[in-house]
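Dear colleague,

I am handing over a structure for your study.

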Amino acid sequence: MIRVLKQRITNLAKILLPFEIRIFLRKLNWRRLYFQQYILNRKRFNYYCPIAKKEFKLFIKVRNNLLSPSNGANARQRLVWHFLENKLNILEKKYNLLHIAPELSYYEKLSKCKNLNYVAGDKMVSGYSNQKGIINMDLTDLNFETNFFDLIICNHVLEHIQDDKKAIFEMFRVLKKGGKAVITVPINEKLNSTYEDSSISKASERIKHFGQWDHVRWYGLDIKERISKVGFNVEMNRYSNNFSKKNYIRYGFSDSLIIIANKS
């Protein structure tokens with residue numbers, strides 16, 4: 001009940017406050033938490049955010065997340081960014097790039113990249129309609145021609161969409177041959193089959209069953225087959241295995257699987 005109430009308050013703030021003010025207050029809060037936790041935490045380490053390209057003495061602990069103090073990036077976002085920059089050369093290679101529900105930490109960098117034809121889109125609901133530079137977009141019905149994009153970034157989006165099969169098909173459709181979608185979703189690796197139930201619609205019940213009020217499923221290991229069905233060649237990449245324990249801690253990474261969906 002408390003989590004649902006907090007979410008309602010957050011949604012109300014999104015309606016009442018302009019986007020720029022919300023971002024300013026969010027960044028101010030990150031700085032406050034950093035200095036507060038720095039004073040209370042005696043442990044010191046040279047942590048590094050690969051997105052901000054900055055060192056910090058700690059990552060901010062917010063519930064179960066470790067956030068970068070300057071941009072709010074969490075462990076999964078830092079991991080995926082490192083992959084995008086170092087394996088896909090996203091800051092230098094020319095891409096027609098579709099970024100779905102863009103993370104602030106990514107958007108602030110990618111929107112300035114001259115090598116990219118960068119399209120950032122989100123499904124606008126109350127409180128989101130004033131995001132500068134982000135278009136209103138429905139992933140299940142993309143208003144782009146077939147074979148248009150070279151690359152799609154889709155982090156933790158599909159678990160929010162009832163008809164995820166249609167969303168996956170749309171990503172496949174708008175990608176060029178040779179293009180790829182970089183996808184992450186919450187995966188319970190103890191589940192062979194995805195757990196979903198469309199009759200569960202109350203926020204409190206979704207938290208109980210799916211871990212978050214606006215999630216509609218827990219993906220299992222069958223996510224690979226689910227994405228492959230539309231024609232993708234799918235790689236399940238445990239990218240964090242490429243790093244030593246020291247660097248894994250230094251970058252503040254997670255063990256999240258990165259799904260690389262290739263259109264051949």
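Predicted model: local features only at pLDDT ≥ 70, side-chain atom pairs only at ≥ 80, totals over all residues.

Residues are numbered from 1 along each chain as its sequence is written, and side-chain values use heavy atoms, with hydrogens and water left out.

The protein chain contains eight helices and 13 strands; these are DSSP runs numbered from the N terminus, helices being H or I of at least four residues and strands E of at least two. Along the principal axes, its C-alpha atoms fill a box of roughly 50 × 45 × 40 Å. Of the 264 residues, 47% are buried, meaning under 20% relative accessible area with a 1.4 Å probe, protein chains only. Among contacts (heavy atoms within 4.5 Å) between residues at least 6 apart in sequence, 63% join residues at least 24 apart.

The protein chain carries 46 positive and 24 negative side chains, and the centres of the two sets lie 9 Å apart. Lys and Arg count as positive, Asp and Glu as negative, and His and the chain ends are not counted; each charge is placed at NZ of Lys, CZ of Arg, CG of Asp or CD of Glu.

Helix 6 spans residues 203-210, and R206, I207 and F210 are buried there. These residues lie on the same side of helix 6 because they cover an arc of only 105° around the axis, taken from the directions from the helix axis to the C-beta atoms. Just after helix 6, G211 takes a positive phi of about 90°.

Yours sincerely

How values were computed. Buried < 20%, exposed > 50% of the residue type's maximum accessible area, 1.4 Å probe, protein only.
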